[in-house]
Amino acid sequence: MADVEPQPRSGRRRRAKSLPLPDCVALVLQGGGALGSYQAGVIEGLAGSGIDVDWVAGISIGAVNAALYAGNPADLRVERLHAFWNKVTGALPSFPIFPNDMVREFVHEWSAGFVMMAGVPGFFSPRMVPPVFAAPGSMEAMSFYDSAPLQATLDELVDWDRLNNGDVRLSVGAVDVENGNFRYFDTTETRIDARHIMASGALPPGLPPVEIDGRLYWDGGLVSNTPLTHVLDHQQGDLLAFQVDLFAAAADRPRTIMDVAARQKEILFSSRTRQVSDQVMRVRQDREAMRRVLDKLPAAMLDDPDVQALAARSAEDAVNLVQLVYRANAWEGGSRDFEFSTRTMREHWAAGLEAVAETMANAQVVAANIETGKSAAFDLVRKPVSIEQQV
C-alpha cells in the first residue's frame, strides 16, 4: 500500500508516492459510454499510487464512475467499480479470438450490434414498443431504450448517504431539455441520488430524459463533455486535477467509412475538452505575466487604485492539470462507445492502469510545479514534458 502522510489541508502538504498533493485533488471524468472502463482503471491506478481524491466531477459515464467513487469508502471503491463493469459487460463474455485487427474489428462491431438489439444488463433495455407508436409526451415516446435498470444498479452499488455527506465532493453535469441550459448538480448544494447520475448520462435518442424537480434533463455531453470548467470556477486553494478523457483530439487520417464515424465522435466529444483546458492555461499564463510585471513596479505605485485592481484580477491559486487520454486501438470504430463486451472492457481498464503507471513514473515534473506553486498542463503518457508551451 502507498506511503501516505495524512495531513490537514491547512498544514503541510499531503504526499502520495513521489508526488506532493496540494490543497485539493480533483478527478475530472469525461463522457464516453463503454470507454468508461478506462476511467475505472485510472481510479484503481490512482488508489494504488496513494492518491486520495477530494473532489470528483463527471459527465455521462463519468458521472456513473464518479458516483461509485464518492458513494463508497476507499476500501470498497475499486470492488464496486469492478461489480458495475462486470455487470454491464456480462452479456458479452470474453472468449478466445484470433489476434488480428480485422478479426477484432468484426467482433467489435458485432458486439456493438448485439448491444443495439439487446441493450446492456443493469444499464438499459430496449423498449418493446417503438417510440413512434408510443403516446406523445411519454418517456416511451422519447427514447429507444429504458434506463430503469441503471437506477437499480446504482441503488445497489452506491451509498447515497455517504455520497452526500462524505469527504469526497461530487459534481455531475446535465442539460435542461426545454431551455438548453447546462446545469451542475453538486453535493455542496443539492442532495444527489440516482436521478442526477442518470440525467447526466441520458443521451438522446437512445435514453430518455430524466425528470428532476419538474424539469427534464439530458446528457451533459450535448453541451460540454468535460466538467473541468465547473471545478476551476469553484476552486479554493491550489489544485491538482486529473482529467480523464475518453476521446483523443488528435488521431490519424480516416481511411474507411468506419474510421470516419470514429473520427467524427473523437472531434465532437474532445474538441470542447481541449478548448477548455487550452483556454484555462492561456488565461493563467497571462495572469502570471501580469504578476511578474506588477512585481517590477516601484513601491510608490502599489497604492494606485488601478494597480491594486490589476493585482486583484491577476491573483489566483495554482492549477496543475494532468491529462490522461484514452487512445483507441486500430480496430475500434465509431461504435466504440457502446461496445460493452467483457474483453474490451478489460483492455480499456488495463489501459487506464498503464496510463497512471506511466504518469507516476514521470511525475517529477508535476511535483516540481506543485512545490513551487506554478500552473501547467501535462500529458505524461506520451512524453514526460510539460505541454504548457502548446497552449
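**Pockets and cavities**

Tutor: Start with a list: V88, T89, G90, A91, L92, F114, V115, G119, V120, P121 and F340 line the second largest cavity. The model is predicted: local features need pLDDT of at least 70, side-chain atom pairs count only at pLDDT 80 or more, and totals for chains, interfaces and linings use all residues. Residues are numbered from 1 along each chain as its sequence is written, and side-chain values use heavy atoms, with hydrogens and water left out.

Student: What makes a space a cavity, and what makes it a pocket?

Tutor: Both are found on a 1 Å grid over the protein atoms alone. In a cavity, a 1.4 Å probe fits but cannot get out. A pocket is an open set of points with protein on both sides within 12 Å along at least five of seven lines. A residue belongs to the lining because it has an atom within 4 Å of a point.

Student: What is the volume of the second largest cavity?

Tutor: About 30 Å³. A volume is the space filled by probe spheres set on the grid points, which are joined across faces, edges and corners. The structure holds two cavities of 30 Å³ or more.

Student: How many charged residues are in the lining of that second largest cavity?

Tutor: None: the lining has eight nonpolar, three polar and no charged residues. Ala, Val, Leu, Ile, Met, Phe, Trp, Tyr, Cys and Pro count as nonpolar, Asp, Glu, Lys and Arg as charged, and the others, Gly among them, as polar.

Student: Which residues lie nearest the centre of the largest cavity?

Tutor: F95, V107, S111, S341 and R343, out of 15 lining residues. About 120 Å³ of space lies in this cavity. Helix 4 gives the largest share of the lining, five residues. Helices (H or I, at least four residues) are DSSP runs, numbered from the N terminus.

Student: Which residues lie nearest the centre of the largest pocket?

Tutor: L203, G206, L207, D337 and F338, among 35 lining residues. The volume of the largest pocket is about 710 Å³. Its lining divides into 23 nonpolar, nine polar and three charged residues.

Student: How many charged residues line the second largest pocket?

Tutor: The lining of the second largest pocket holds 10 charged residues, with 10 nonpolar and three polar. That pocket has about 540 Å³ of space. A251, D252, D259, N329 and A330 are the closest to its centre, of 23 lining residues. Helix 9 supplies the largest share of this lining, four residues.

Note on methods: Helix = DSSP H or I, 4+ residues; strand = E, 2+ residues; numbered from the N terminus.
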